[in-house]
Amino acid sequence: MTNDRQPEVAFTVRNPLPWSHFSGLVRAGESLGYAGLFLPETDGRDTFAALTGLAGETHAIRLGTGIVPMTSRTPFATAMAAATVQERSGGRAVLGIGTGAAVPGALERLREQVGAIRRLLAGEPVELDGRTFAVSLELDEPPPVWISALGDRAVRLAGEIADGVILNWCTPERVAAAHELVREAAGAAGRDPGAVTVAVYVRGSLDEDREGARSAMAAFSTQYARYPAYARQFRAMGLGGEAERAAGGDGSALASAVCLPGDEEQARVRLQAYREAGADLPVVYPVAGGASAPASLLATIRALAPGA
């Protein structure tokens, strides 16, 4: 990246909005200069199908899964879906995957799955569960494979095998530590540490309804503080007390620690803190805080757009 370019920022849209609103937000984000869109797979649309549809309505923005759990798909189905997005978008896909539930052996399975997916996307046959599979769709270039990571072992795995790592619910200090772990693991594996992109989801709500925005951010923090894996991460970052209060129903302090402030200038300062900590790609995660979700999300996307 040269000095005359704005630092890259991506964004996400989690809410299951009607397609016209959903795709409109994505097109608005592209026109505002966002470098990428990352879609988490929740309980709404199929992520790959949505990205394939968006590929026909956008022109330059990267289109990433962020992330799909490998407990929901086989490596073969994942490779086919990623190849479809890559072809339709003209090479703008990013395949972001994760382990799903944090159970024993999950990271080793993910290592094997990444290897299988890479071979499949390269057109090579792969044996899976006693059967041989191959993706016949030929690509000019396979999409990069990123993996999600909470703990240090997953972060190191990203440095060893992935093209990028997607962090979540982090302080800038945690990003700095993860950045160093990625570099160390990549170097130990004989890889170029600079070739592994460090991305981080950063939630924020810059809705004009400040009280509604604060309440939405606190509620979101409470939701995640009740998940054991995230509770462990918050404790590891020194936010055990904030996480405990959030799990009890008051997520305001936790939101202040790991999310963007509701003031645009302060939010931009905090985004810069994530960059300076080692995030190559902050991913703005707008949280709807007002009565109209599309309008609320758009307000945050506009406020934090590159160069706005």
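The structure is a predicted model in which local features need pLDDT of at least 70 and side-chain atom pairs count only at pLDDT 80 or more, while totals for chains, interfaces and linings use all residues. Residues are numbered from 1 along each chain as its sequence is written, and side-chain values use heavy atoms, with hydrogens and water left out.

Helices (H or I, at least four residues) and strands (E, at least two) are DSSP runs, numbered from the N terminus. Helix α7 (residues 210–225) comprises 16 residues and spans 22 Å from its first C-alpha to its last. This is close to the 22 Å expected at 1.5 Å a residue, where the expected span is 1.5 Å times one less than the number of residues. Buried residues of α7 (under 20% relative accessible area; exposed is over 50% and partly exposed in between, with a 1.4 Å probe and protein chains only) include Ala213, Met217, Phe220 and Tyr224. The buried residues of α7 pack against β10 (197–204), α8 (228–236), α9 (240–247), α10 (252–258) and β11 (281–286), with contact meaning heavy atoms within 4.5 Å.

Across the whole structure, 13 aromatic pairs are found. Rings of Phe, Tyr and Trp (its six-membered ring) pair if their centres lie within 6.5 Å; planes under 30 degrees apart count as stacked, over 60 as edge-to-face and the rest as tilted. The rings of Phe11 and Tyr34 form a tilted pair, with centres 4.9 Å apart and planes at 55°. Because Phe11 lies in strand β1 (residues 10–11) and Tyr34 in the loop between α1 (19–31) and β2 (36–39), the pair ties together parts that are 23 residues apart in sequence. Both Phe11 and Tyr34 are buried. The pair of Tyr227 and Tyr230 is also tilted, with ring centres 6.4 Å apart and planes at 50°. Tyr227 is partly exposed, at 36% relative accessible area, whereas Tyr230 is buried, at 16%. Ring pairs join Tyr227 and Tyr230 in a cluster with Trp169, Tyr201, Phe220, Tyr224, Phe234 and Tyr285.

The charged end of Arg203 sits over the ring of Phe220, 5.3 Å from its centre; the criterion is NZ of Lys or CZ of Arg within 6 Å of the ring centre and within 35 degrees of the ring normal. The charged end of Arg45 likewise sits over the ring of Phe22, at 4.9 Å from the centre.
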